[in-house]
Amino acid sequence: MGHHVAIVGVGQTHHARRRTDVSQAGLVREAVDRALADANMEMGDIDTIVVATGPVLFGAVNHPELWVANAIGAQGKPIVRVTSGGGAGFAGALAGYYQVAGGYAGRTLVVAYDKLSEGPLQYSISTLYDPFWGREFAVGIMGFSAAYWRARMDVLGHTEEAAAMVSVKNRRNSIANPYAHMKKEVTVEDVLNSKPLCWPIKLLDVPPISDGAAAIVLSNEKLAAKSTQRPAIIKGMAYCCEADNAPERSLMISEPLAIAAKKVYRAAGITNPRRQFDVVEVQEPYSCFELNYYESLGLCPPGEAADLVASGATDLDGDIPVNPSGGCMGANPIGAVGVVRLIEAATQVMGRNESHQIKDAKLALVQSGGGWANLRGCAVLSA
Amino acid sequence: MALGKVAIVGTAQTELRPVWGEAQHIDLISAVVRSVFKGTGFSIDDVDFVIDSGSDVLDGRSISNCGFLGALGAHHKEEARVEADGIWALQYGVNKIRSGASSVGLIVAYSKPSESMVENYWASQVEPFYQRPVGFSQRAAAGIQAQRYLADRGRSVRDLAEFAARRWADAKANARVQIDDLPDAEAVLASSESALPLTQLMMSRPVDGAIAMLIVDEASARRAGNNPVFITGMGSGTDSHAYADRDPLKLTSLEAAAAMAARAAGWSAKEADIVELSAPSVVGEMLAIEILGLDEGKAAVNRSGGALPADPIMATGLCRAVEAVRQLREPQLYDGGSPSRALVHGTQGVGMQNNCVMTLEV
Amino acid sequence: MFSAPESMPLDMPTFHAEISLPYTLTPGRAAGTFLAEMKNKRIVGSRMANGDIVAPAQDFSASDGEPMTNFVEAPQTGEITAFTRVDGNIIAFIRLDGCSNQFPHRILDQLDNVKIGARVKAEWEDGVEQSILAIKGFVLAPDAEVGTVRALDEVEEAIGSLPYSMALQYEHAYGPYYGRMFDEIKGFGRVMGVRGSSNDDALLPPREIDDITHKPTGTWKTCADTGTIRGCSIINMEFIGQTLKPPYVYAEIVLDGASTRLIHFIEIDDVEYAKKNIGPGTRVRAIWTQGERKGSMADIERFEVIDE
């Protein structure tokens, strides 16, 4: 049996549309300094490092972990890069989790970042497509995402209004988030009337493009007390996939997410997610995905996500608040987002969330993912 | 807390060829995933997770694992992409099994450098403001290292050529690498200049290929259909990014990685029967041998030929592990004896910035 | 194990792809200042927390990771500490006088003259700014006096963003499955896939191993020119790398006889009409290009909605 793993320190940059004052390496450094200080540590206390970023084409630096190593002061230490598109940060944290759980490290630093202002986003994401088969028709991942939202509208009732409510909620929550840079309240009408980009996706269904980094320190149970009296314990964490062009692939319920949730819930003793979780943080690259996650994570039955958001249950004062941080709508440094969501959930159960502390939050659910919506994972954190 | 042991119960590799012109990535990947189960008693249905290594820059697509999930046999399983040499994917898999979370893992690494310009893979690794514009990259680092090494150790370029020729001959004998014309030392010397004083054949030759490995926990290893090889130690380390900031006659991070692995295994590199090293150049390999304190008379070093004749970039370190497993399990194919300990090594980054070492035992 | 027959020709045709992207990279304070000062022909270094002088300037120490403390002007003279030749260019490590580090740059001289320990000085390239190549290289200067590091009271503002481009070329192998599929498209104007391992419908694109069962796939099968939309969206936005002018429909289509999707365009005149009338379940037909087919997906010009 392996070690229990806890998040004992967190740090993120103040995300921005464009940071012209720091390089990619300097951005990483800011998050690392904050996480180490928060964990009451110095770099010397760290055994291993995981670096996670989006695709190389985002930043024009191949093996960026080997460049940023100097800025972190990581020379001499084990360092490894994990990637998974939008889910890179979460996948990196999972790799770090196993380094500690498997006894390879007592304390692991996971840092994730993307500096999206530096490259052409849609074009570089379009290279996700097979060069023989569809790349020339690709519209980043937005054309695809909109296409299957459109399909879910018919079958699951994920209407434009329901998705707009997600955007409205998350944008409202972002205003109090000190790390967010998109802070503007909007109405459902604003979202519905905003410029169509890839209909049904409209401008206000889309998060901003951001520069940002986020870091967490993971520790085994023995060392955790040296950092904090109140760590966030990882009760379960998994990340699953599905073949992108499989015959049965309907893109209704996210099957890889449902599979991951099943594993994680079993490990964490979750039998009724809607009632048991105090707070949920999800990575919504477009507003429509949050509806998909409600159903895939079992927060409501399939086809009831629109009702769930409309009921206000996922609002700040609802019984299952989702994205009190504002989610991606406040800031979206893609490769870092998985770690940002973990930070927001961890600080909730640590009782020191800076955006909106949910009272007495003890159990939090985190979701993240990437690719063609075919890489999906979740984690359960507890006080 | 005692953590469980992890065993290698199956390995597979395609032939390593300069150009697999008639196969796509998925063809090579699915071929090794299909054959890794042979004789193990396990099937794809037993696999809990897949961890894969490949490079977006070499593959020419972003998040390239995403398009290869079916070929990887990963559908509806846990999957992770380690964008580093496959030996780091193996390291991840070992940690995952040791944590008790999973029992059976599939590790896959692949490469088709023939489809791209390998120079771009290296040039895009160095930071873009100071080093990249002046053309400093992997070859220049190897050249500078070699120049310093020859001057300091009083060795000749011919020594390098003879060393390279020996490795090519071993690879030819090993028969898992496509070699049409076996170069002798003269041919190595006569090949075109890569980075003075190194000729092209003193640098590792990029090849296409895929590697797969099946790893399981101790309990599952007992029901395997063949002799398991246990992973008993792991270590890794990183050097400063700029090669100019490093001592060219040292590989500090290799030293750190080996020490870390030795602490876990309880024995050091010197005590290995079999050693499989990855290096991007003759001098890189010679330095690694020195730094690990290896005696080529005592240990069988790179009997596979190592990375010089065949470097499937991103899969090279995992390939070393596969070769070592084969030598541990089937000593009769080599020069007999009863080897019980192997040390394997993977590296990446300009001038071997990042190193990983593992110890294997039967 | 996958293997090709002996008779396989060595030079298989490949599919050319290029990924060419524009960037605006941020060098950060140290490199940004160094590059900004290139136009003044000054070499900016940094003093690190441990007292070391490092040039070109670095934000963080390579030895201990500590941030730099202040900028200095490094001398333009120094010595060669190591060298090599790559593609005909001599690349050396240079240690500027008074500095503790070395860095790579070009040596503008004959190889025979280059020695470790040789004195060098920077040679500037007029008209180049914001690049380390404003220093064209270093020339041998045996008599150059040993320079000194000087304080820098004022420096140019750091460059915030620097244009950059990366172009990557690929020659992708077709492999036996994609190879035949595109041959069929080119030769006969038909889309062929292979049957799944346990299913009569064709997998597109075809492959040796079934993604779901990981068992060998079945025999070849011709799919129809017609199919059904599984998902689609209406593209209104423009972006770098786009191949068609918006608005148009991005569609994921399952051809009749196939089980997996093919990605293509549907041209539209009226967005509102498309919203109402093109969606999952809509029947479509492939419109092939006129003239000679090339053997790629572009041989299908577009799809159009079938009035049934």
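What follows describes cavities and helix contacts in a predicted model.

## The largest cavity

The count of cavities of 30 Å³ or more comes to nine, and the largest cavity holds about 420 Å³ of space. Its lining is made up of 30 residues, and those that lie nearest the centre are A:D130, B:I26, B:R61, B:G67 and C:Y178.

Two elements give two or more residues to this lining, namely α1 (25-35) of chain B and β11 (162-173) of chain C. The element that gives the most is α1(B), with four residues. Sorted by class, the lining of the largest cavity has 13 nonpolar residues, ten charged residues and seven polar residues.

## The second largest cavity

The second largest cavity has a volume of about 160 Å³, and 16 residues line it, with B:W122, B:D311, B:T316, B:T347 and B:Q348 lying nearest its centre. At least two residues of this lining come from each of α4 (118-123) and β11 (341-348) of chain B. By class, the lining of the second largest cavity comprises eight nonpolar, six polar and two charged residues.

## A helix pair in chain A

In chain A, the axes of helix α7 (residues 160-174) and helix α12 (residues 287-296) come within 8 Å and cross at roughly 100 degrees; α7(A) and α12(A) therefore count as roughly perpendicular to each other, since angles of 65 to 115 degrees fall in that class.

From α7(A), the residues A:A162, A:A163, A:V166, A:S167, A:K169 and A:N170 meet A:S287, A:C288, A:E290, A:L291 and A:Y294 of α12(A). This contact has six nonpolar, three polar and two charged residues.

## A helix pair in chain B

In chain B, helix α6 (residues 157-174) packs with helix α10 (residues 282-291) at an angle of about 85 degrees, and their axes are 10 Å apart. At that angle α6(B) is roughly perpendicular to α10(B).

On the α6(B) side the contact is formed by B:D159, B:L160, B:F163, B:A164 and B:R167, which meet B:V282, B:V283, B:E285, B:M286 and B:I289 in α10(B). The residues of the contact between α6(B) and α10(B) divide into seven nonpolar and three charged, with no polar residues.

Technical notes:
Residues are numbered from 1 along each chain as its sequence is written. Chains are lettered from A and ligands numbered from 1 in the order in which they are written. This is a predicted model: local features need pLDDT of at least 70, side-chain atom pairs count only at pLDDT 80 or more; totals for chains, interfaces and linings use all residues. Side-chain values use heavy atoms; hydrogens and water are left out. On a 1 Å grid over the protein atoms alone, a cavity is a set of points where a 1.4 Å probe fits but cannot get out, and a pocket is an open set with protein on both sides within 12 Å along at least five of seven lines; lining residues have an atom within 4 Å of a point. Grid points are joined across faces, edges and corners, and a volume is the space filled by probe spheres set on the points. Ala, Val, Leu, Ile, Met, Phe, Trp, Tyr, Cys and Pro count as nonpolar, Asp, Glu, Lys and Arg as charged, and the others, Gly among them, as polar. Axes are lines fitted to C-alpha atoms, for helices over the stretch in contact, and angles run from 0 to 180 degrees between N-to-C directions. Angles under 35 degrees count as roughly parallel, over 145 as roughly antiparallel, 65 to 115 as roughly perpendicular and the rest as oblique. Contact means heavy atoms within 4.5 Å.
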